[in-house]
Amino acid sequence: MERFNIEIKSSVKKEIARISSQFIPQIIHSIEKLSLNPYPAGSKKLTGSKSSYRLRAGDYRIIYKIEKSGKKVIIYHVKHRKDAYGKK
């Protein structure tokens, strides 16, 4: 099986830097696993999007987009679940 390249937006690095260090290993592990399978159990497609998904990592959500043609997973956000989806 081909691996997907992981691209992490610079804004995500700032978001991760604000997260308590006890949660970071689980988040990093979840992101690394996306290179093997960008559709893991528990990932959900975001409503109204063609290629954006969210993945739970404890109380945090990893929001990402899959580019099948380029074999790339782009991480857009890592946020606490209460902040992850924005206000409606």
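S52 is buried, at a relative accessible area of 17%. Here buried means under 20% relative accessible area, exposed means over 50%, and partly exposed covers the range in between, for a 1.4 Å probe and protein chains only. The residue sits in strand β3. Helices (H or I, at least four residues) and strands (E, at least two) are DSSP runs, numbered from the N terminus. The model is predicted: local features need pLDDT of at least 70, side-chain atom pairs count only at pLDDT 80 or more, and totals for chains, interfaces and linings use all residues. Residues are numbered from 1 along each chain as its sequence is written, and side-chain values use heavy atoms, with hydrogens and water left out.

Neighbours within four places in sequence aside, S52 is in contact with K44, K45, L46, Y64 and K65. Contact means heavy atoms within 4.5 Å. I28 lies 24 residues from S52 in sequence; the C-alpha to C-alpha distance between them is 19 Å.

The sheet is open and has five strands, in the order β1-β5-β4-β3-β2. Its pairing is mixed. Two strands pair if DSSP finds at least two bridges between them. β1 and β2 (44–45) are the edge strands, each pairing on one side only. In general, strands of a sheet pair through backbone hydrogen bonds, either parallel or antiparallel. β4 and β5 run antiparallel and are joined by eight bridges. Within this pair, E67 has K72 of β5 as its bridge partner. Helix α1 packs on the sheet and touches β1 and β5. The direction of α1 makes about 35° with that of β5. Axes are lines fitted to C-alpha atoms, for helices over the stretch in contact, and angles run from 0 to 180 degrees between N-to-C directions.

The loop between β4 and β5 contains K71. Phi of K71 is near 50°, a positive value in a residue other than glycine. Most residues other than glycine have a negative phi. K71 counts as partly exposed, at 27% relative accessibility.

Helix α1 has the buried residues V12, E15 and I16. Seen down the helix axis, these fall within an arc of 95°, so they line one face of α1. The arc is that of the directions from the helix axis to the C-beta atoms. The face turned away from the buried side carries the exposed residues S10, K13, K14 and A17. Cover for the buried residues of α1 includes β1 (5–8), α2 and β5.

I16, in α1, has a relative accessibility of 12% and counts as buried. Beyond four places in sequence, I16 is in contact with I24, I28 and V78. I16 and L46 are 30 residues apart along the chain, and their C-alpha atoms are separated by 21 Å.

The largest nonpolar core has 17 residues. Such a core is a set of buried Ala, Val, Leu, Ile, Met, Phe, Trp, Tyr and Cys residues joined through side-chain atoms within 4.5 Å. The residues with the most contacts inside this core are I27, I62, Y64, I75 and V78. At least two core residues come from each of α1 (10–17), α2 (24–33), β3 (52–57), β4 (60–67) and β5 (72–80). β4 gives the largest share, four residues. Not counting residues up to four places away in sequence, I62 touches I27, S30, I31, Y53, R54, L55, A57, I75, H77 and V78.
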